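Here's a quick briefing to read alongside the structure. Take a look at the fold, then work through the notes.

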Amino acid sequence: MKAFLILEDGHVFTGTSIGAAREVISEIVFNTSMTGYLEVMTDPSYAGQAVCMTYPLIGNYGICYDDQESARPWIDGFIVRELSRVPSNFRSVDTIQHFLTKHDIPGIAGIDTRALTKILREKGTMNGMITVDENYDLNAILPKLKAYTTGKVVEKVTCREKEILPGDGPKVALMDFGAKRNIAHSLNKRGCEVTIYPALTPAEEILADHPDGIMLSNGPGDPKECTSIIKEVKKLYDSNVPIFAICLGHQLMALATGGDTYKMKYGHRGGNHPVKDLATGRVYISSQNHGYVVDAKDLEEKNIAHPAFVNVNDGTNEGMAYVGKNIFTVQFHPEACPGPQDSSYLFDRFMDMMGGNK
Ligand SMILES: NC(=O)CC[C@H](N)C(=O)O
C-alpha cells in the first residue's frame, strides 16, 4: 500500500506503508545511528516524534524484546529508506513490520531519507504527517501540521507506580521522566538498590525514603513544559543529596536553578556525537537524542553551575557541574545501549559521590 510523508513546508514524499495503516501528525526528526533501531523505537524520549533513520537499511538483525529500552515503542511513526525483508539473528523474535503493526504505529519505507534529512538540516526540525490517503488535501493538512505541538508528554510515558530493584549498595531514587531501562540497569549492576518514582512524585516523598543519591532521567518533550516537576527538582537541589542527571533531567536541573533552555535547529540524535570533558580535555563519543539544550550563561554568571562538557561539533552545552553541590548533569547518554559506552564511567563517578559501594 502507498504511503505519503507530508512536511509542514509542503514537501511530499511517496513510499510504501509499513506498520499500522493509519494517519499520524508528529514532529519529524532524524537519527544517524547505524544500529539500535529497537532502542530508538522504545526510548520514551521520542514520544511525540516520528523518527527517520538515516542509515539506509534498517531491520536486518530483527527485533529482540530483551533489548527494549522500555515496555513498548513510543515513537509516533517510523521512516526508513529500505526495510530489511529477511532479518537474520539468532536472538531475533520479531520483525519491525509486525512490531509496529502490533503497537499500532504507522510508518513509511522506500523514501529518499537522505533528501528528507537534508531538508530538516537546512530548514530545521518540522512537523509532518504520515498518511495512506491518496486523496490527501494539502491545503487542509498544512495548517494542522503547523499547529501540532508535542505537549506534556512526560506524564504519558512515566511509570504509574513506584518500583524497587533490589541491591545491597547505595540507595538511588530514580525519577522516571521517561527513563531508558539501561539507566536503572547501569545503577543496579553496580549494586545499587534503585527505587523508580513516577515523574510527578513530590520531592518530600522521595526525600522521606532517605536515598543516598538521586538520578534524574531522560524524557520527552520541551523541558519548559515540565513546570510542576521543575519545582520539585529545585527542592531536590536544595536537599544536598548527591544528584546525577541525564538529558531531560540535566535540562530540568538547569531550569530549576535559574538557567535557561532553547530548541536547537535540528537536534542531536545518533550514536557518534563527540563531547569534551572540560576538566580533562578528553573527548568521548556519545549517544544522543535531544532537541533542546541548556543555555549555560546565566548559571555561570550567577556562579551556580559551570559547563563540564561541551559538544565538539557545534559548541553547545553537554553537561554542568554545580558549585558547592554534589551534583553533575549531562546532556548525552552514558547508559547508551547499544553504545558507545565511552562515558559509562560517569555512573562510577556517581557511585563515588554517594560514598562508593557499601
Ligand atoms: N533524551 C532526552 O531526555 C531528551 C530531552 C528533551 N526532550 C529534548 O529533546 O531535548
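Which residues does UniProt list for "domain: Carbamoyl-phosphate synthase small subunit N-terminal"? The unreviewed UniProt entry gives residues 1-131 for that domain. Keep in mind that you're looking at a predicted model.

**Overall build**
- The chain has 11 helices and 19 strands.
- Its radius of gyration is 20 Å, close to the 21 Å from the globule rule for 358 residues, so the chain is as compact as a globular protein of that length.
- If you want a box, the C-alpha atoms fill roughly 60 × 45 × 40 Å along the principal axes.
- Of the 358 residues in the chain, 49% are buried.
- Take the contacts with a separation of 6 or more: 74% of them come from residues 24 or more positions apart.

**The UniProt span**
- Residues 1-131 are 18% helix and 34% strand.
- The end C-alpha atoms of residues 1-131 sit 11 Å apart.

- Domain 1 puts 22 residues into the contact, and domain 2 puts in 22 residues.
- On the domain 1 side, strand 3 (24-31) and helix 3 (113-123) are the elements that give two or more residues.
- Strand 3 has the largest share of that side, with three residues.
- By residue type, the side of domain 1 that touches domain 2 has seven nonpolar, 11 polar and four charged residues.

Key: Residues are numbered from 1 along each chain as its sequence is written. This is a predicted model: local features need pLDDT of at least 70, side-chain atom pairs count only at pLDDT 80 or more; totals for chains, interfaces and linings use all residues. Helices (H or I, at least four residues) and strands (E, at least two) are DSSP runs, numbered from the N terminus. The radius of gyration is taken over C-alpha atoms; the globule rule is 2.2 Å times the number of residues to the power 0.38. A residue is buried if 20 or more other C-beta atoms lie within 10 Å of its own, exposed if 12 or fewer, and partly exposed in between; C-beta atoms are placed from the backbone. Two residues are in contact if their C-beta atoms, placed from the backbone, lie within 7 Å. UniProt positions are given in the numbering used here, feature names are shortened, and annotations may be inferred rather than shown by experiment. Ala, Val, Leu, Ile, Met, Phe, Trp, Tyr, Cys and Pro count as nonpolar, Asp, Glu, Lys and Arg as charged, and the others, Gly among them, as polar.
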